[in-house]
Amino acid sequence: MTGWPDRPEDPAVPAPTDAPTESPTDAPTNAPTESPTEAPTASASLVYDPYDAATGADPFPVYARLRREAPVYRNDALGFWALARHDDVLEALHDPDTYCSRHGITLEPRSPLPLLLTMDPPEHTRMRAVLARGFTPRRVADMEPTMRATSAKYLDRLRDVDSCDLIADYCGKLPMDVISAMLGVPEADHAQLRSWTDAMIEREDGNPDVTPAGIEGATRIYQYFSDLVAERRSAPGDDLLGTILAAEVDGEPLDDLHVVSLCFLFIIAGNETTTKLIGNAMHLLWRHPDQRARLYDDPSLVADAVEETLRCEGSTQQVARTLTCDTTVRGVTMAEGDKVLLLLGSANRDEDVFDDPERFVVDRRPTGHIAFGHGIHVCLGAAMARLETRIALEDLLVALPDHELDPDGLVRINSGNVRGFAAMPVRWTRR
Ligand code: HEM
């Protein structure tokens with residue numbers, strides 16, 4: 001295919017090869033000079049700003065430097081610490097008494113809603129048990145026909161064309177339809193909900209605050225679910241919302257605020273992350289045609305390719321915690337009340353855990369990646385996300401053979417912690 005620039009000009013990914021790349025912000029003068037034990041917090045030239053668009057486009061060279069030079073990194077300007085190494089991140093995830101979630105899991109002020117993500121034990125333990133009862137492996141498995149039918153429906157619309165925006169026309173639709181169907185949201189409302197959630201996670205370059213459109217989106221979603229919950233209290237369906245409405249905590253049903261908050265969480269958590277993961281997988285496979293060819297030769301490797309995408313380009317790059325007491329890591333003491341970013345995306349490329357970690361290898365079968373977190377908050381939707389992404393890749397590889405992305409048209413979302421694309425122009429040879 002011709003007409004679009006070649007892969008090397010992709011602004012979002014500086015190089016098309018497996019070789020580790022340098023980000024635009026990572027000038028050669030920043031070369032590492034000190035060992036981690038000598039300089040555990042940072043050399044002056046090392047800046048990690050998760051809201052910087054250039055860092056967001058390619059954070060991996062900065063992560064590598066953080067692991068080497070400043071595994072316990074301090075950003076005074078933005079007021080946070082960051083842990084970059086796999087063992088430190090894992091330890092923090094398993095210590096919710098010290099690294100708590102109740103003040104929010106991003107650098108921004110936490111949502112006022114009682115979200116599972118921002119609860120600590122014992123409240124978290126009780127609420128998680130409610131959800132785990134509703135969100136069973138069986139219920140996820142039962143969704144497979146819906147996932148396959150939804151995927152087929154959107155790919156059918158592309159049958160007579162040879163180009164599209166993969167995010168708008170497919171990746172963004174499948175997870176939203178599936179989680180909405182699971183909850184019992186009418187199909188006619190799916191697109192509207194998706195545009196509100198998209199607005200919520202978008203950030204302006206260099207500004208960590210939720211945009212006015214994002215605030216509007218969050219308000220609308222809340223109102224939408226308030227109305228739906230009121231309607232379903234009297235006529236519950238045989239769906240996840242029905243299960244949540246029937247659930248009891250300490251012998252009492254959940255009040256509207258908690259039910260609406262759970263719906264809110266599912267829509268946000270179940271939609272954006274999986275949309276972005278499918279897009280990231282298609283981007284990686286385009287950048288690595290040799291790896292894509294291996295999937296064509298052996299489609300049984302698709303599930304492995306999903307795991308490797310999670311490791312290499314997981315859609316949640318970081319989660320934040322707040323310290324409940326002064327805490328020392330690698331000789332650096334962080335104060336009670338300080339925010340700490342746990343860099344999942346960096347941990348997943350830690351050379352102490354993964355061989356040649358910057359390489360994307362579809363059948364690597366990485367054990368120990370923490371793209372879904374770990375410990376008490378480990379992602380409740382992991383099985384669903386894995387299944388959905390596997391189905392998407394199986395179908396996309398057949399429907400869009402030889403897919404070519406337009407590097408000039410790729411648009412990354414600008415978000416502190418979500419990694420993925422807002423637009424991904426793609427074309428292929430029509431069947
Ligand atoms: C590729 C897709 C996904 C990724 C990368 C992802 C990632 C994560 C991560 C890292 C956490 C832990 C947060 C923390 O420790 O503070 C988490 C929690 C959670 N995820 Fe996911 N997620 C994905 C898909 C989903 C889906 C599809 C659902 C549901 C439909 C879901 C529901 C949740 C929920 C409810 C929690 C909170 C668990 C708790 O606090 O106990 N996620 N996810």
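Predicted model: local features only at pLDDT ≥ 70, side-chain atom pairs only at ≥ 80, totals over all residues.

Visitor: How many bridges join β11 to β14, and which way do the strands run?
Guide: There are 2 bridges between β11 and β14. The two run antiparallel, and β14 covers residues 425-427.

Visitor: What order do the strands of that open sheet have?
Guide: The order is β4-β14-β11, an open sheet of 3 strands with antiparallel pairing. β4 (163-165) and β11 (404-405) are the edge strands, each pairing on one side only.

Visitor: What do strands of a sheet pair through, in general?
Guide: Backbone hydrogen bonds, in either a parallel or an antiparallel arrangement.

Visitor: Now β1 and β2. How many residues lie between them in the hairpin?
Guide: The hairpin of β1 and β2 has 4 residues between the strands. In the turn, Gly79 has a positive phi of about 70°.

Visitor: And over how many bridges do β1 and β2 pair?
Guide: Over 4 bridges, in the antiparallel sense, with β1 at residues 72-75 and β2 at residues 80-83. Within this pairing, Arg74 stands opposite Trp81 in β2.

Visitor: Switching to helices. At what angle do α14 and α16 pack?
Guide: Helix α14 (residues 302-313) and helix α16 (residues 382-399) pack at about 120°, and their axes are 9 Å apart. That angle makes α14 oblique to α16.

Visitor: Is the crossing of α14 and α16 left-handed or right-handed?
Guide: α14 passes α16 in a right-handed crossing.

Visitor: Which residues make the contact?
Guide: From α14, Val302, Ala303, Ala305 and Val306. From α16, Arg386, Thr389, Arg390, Leu393 and Glu394.

Visitor: How does that contact split by class?
Guide: The contact of α14 with α16 has 5 nonpolar, 1 polar and 3 charged residues.

Visitor: Next, the ligand. Which residues come nearest?
Guide: Gly270, Thr273, Gly373, Cys379 and Gly381 come nearest, out of 26 residues around the ligand.

Visitor: Which helix gives the most to that shell?
Guide: α12, with 7 residues. α12 (256-287) and α16 each supply at least two residues of the shell.

Visitor: How do the shell residues divide by class?
Guide: The shell around the ligand has 15 nonpolar, 10 polar and 1 charged.

Definitions and conventions. Residues numbered from 1 in each chain as written. Pairing = 2+ DSSP bridges. Axes fitted to C-alpha atoms, helices over the stretch in contact; angles between N-to-C directions. Parallel < 35°, antiparallel > 145°, perpendicular 65-115°, else oblique. Left-handed = near helix turned anticlockwise from the far one by under 90°. Contact = placed C-beta atoms within 7 Å. Nonpolar A, V, L, I, M, F, W, Y, C, P; charged D, E, K, R; others polar. Near = placed C-beta within 6 Å.
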